[in-house]
Amino acid sequence: MKVFATFIAAALPVVVVAFEHSTTTAQIRLAYHGQHGMTVSWNTFQHIQHPKVRWGLSEDNLNNTASSNLSITYPTSTTYSNHVLISGLAPDTTYYYMPSPLSIKCKDAKKQRPYSFRTSRRAGDKAPLSVAVAVDLGTMGSLGLGTTAGSGVSPNNVLKPGEKNTIDSLASSLSKYEFLWHPGDMAYADYWLKEEIQGYLPNTTIEEGYKVYESILNEFYDEMMAVTATKPYMVGPGNHEANCDNGGTADKAHNITYTSAICSPGQTNFTGYKNHFAMPSDVSGGTGNFWYSFDNGLVHFIQLDTETDLGHGFIGPDEAGGSGGIGADPVNATMDAQTTWLQADLAAVDRSKTPWIVVAGHRPLYLSHANDSTFCSPCHEIFEPLFAQYDVDLYLSGHAHVYERLAPLGQHGVVDPAELNNPRSTWYITNGAAGHYDGLDALQSPRQPYSRFGLDTNDAVYGWSLLTFHNSTHLTHEFIASNNNTVLDSATLYKAHK
């Protein structure tokens, strides 16, 4: 590795910059844990023997304490992830809380007011429910998406001076949704080398690259705290969580192609993703942060993994030998573990309580996109039959950095003749337009016959999705433009759910 890095240093002018984590926030994030629990996670700069969370029903009386021994890190990480489960909570109730210790560099932590969260609604609660969904959302500012970019990035894909970005938009809309769902591709820390080659970030040596990678991660999670300290942040795996170099980066000017071999220990196999989050797989029979489910009011939510563990003889795109060149290991050693779990999970749904079933995976099954690597092609065989068998209402995805709302589709992409008026098929929506360093992609032209509305790089607008479950029969999807919070597309699905 040292010989390789020396060669690279000779090829690229070296300016070693100290990308240190300079803020005093603590990357606080929440996650549902059943209808009576909430996991509080945060990061500190040193190991905590027994991380604690003080909590209560009043911000002036945090009279309860929950603790754990989960303060974990990995090679090259600059922080420790602390996870504490608060259990025995009442559904649909506001609680106040404060992690302890908050940060060894946060000298004013004792003076800070408590944070708050609201627990999940009881399954079957008939009140309207709104959920925010953002996919392919990266770091904003000097380490990610900004008002400038490096060479090769379309002018359509940078922010205008003073333009509000998606994190800003989500933070200004907290009252509009109960939780944020992010099915993959978060900080885009694996773009560090690409950003250096394009001249957006100063060049470092390959050996020092892990510092830039970690600084981008830390910056993103700090920025997201404006949302995630108050709203549960439910996540799924994307390809950009898998390793440090997006499966390979080319420096055409120097005729160098980098591979995942440059990744430091701790920056492969979704290591940071595994450490940073604590999704409710233990209470839903799933696997880690990769596939799990949870109920909230009228809805049963399912997060899938389209990156690994597809089973049935298929190699996941992020696995060794997969199309992404990333080389990750499977996350569950049991044969066909994910689909076995999915079928059992779907079969156990009580549609009298949760009539709606919404599934998210990072990669789309259908899209007006010419690049085959964009799709989860095996999902047509392994997931789609189960969607049909158990009447899944909606499948959400990203991966392609566009927005496209499709018609409800039966197997093999057949448009349901009922369209949104009580279809028998699953509705497909891809929204990967939340925004990251090099911006948006293009939809193919003409679009597929099943396309109903689309936005891409030509529209130069970033945004996120707002799902509103009005009752047991009506669901509205809206595309929210991040720059001004306006609705650029809206459609309502009617399902009788008999």
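Tutor: Please keep in mind that the model is predicted. Side chains of opposite charge can pair when their charged atoms come close. A search of the whole structure finds 15 salt bridges, and Arg351 takes part in a network of them together with Asp391, Asp393 and Lys495.

Consider Arg351 and Asp393, whose closest N and O atoms are 3.3 Å apart in a salt bridge. Arg351 lies in the loop between H6 and E16, and Asp393 in the loop between H8 and E17, so this pair ties together parts that are 42 residues apart in sequence. Arg351 also meets Asp391 in a salt bridge, at 4.0 Å from N to O. Because Asp391 lies in the loop between helix H8 (384–389) and strand E17 (394–397), this pair ties the loop between H6 and E16 to a part 40 residues apart in sequence.

The surroundings of these side chains may be described as well. Arg351 is partly exposed, at 26% relative accessibility, and Asp391 is also partly exposed, at 26%. Asp393, at 0% relative accessibility, counts as buried.

Another pair is formed by Arg363 and Asp318, with the closest N and O atoms 3.4 Å apart in a salt bridge. This pair links distant parts of the chain, 45 residues apart: Arg363 is in the loop between strand E16 (356–360) and helix H7 (379–382), and Asp318 is in the loop between strand E15 (299–303) and helix H6 (337–347). Arg363 is buried, with a relative accessible area of 5%, and Asp318 is buried, with a value of 0%.

Conventions. Residues numbered from 1 in each chain as written. Predicted model: local features only at pLDDT ≥ 70, side-chain atom pairs only at ≥ 80, totals over all residues. Heavy atoms only, no water. Salt bridge = Lys/Arg side-chain N within 4 Å of Asp/Glu carboxyl O. Helix = DSSP H or I, 4+ residues; strand = E, 2+ residues; numbered from the N terminus. Buried < 20%, exposed > 50% of the residue type's maximum accessible area, 1.4 Å probe, protein only.
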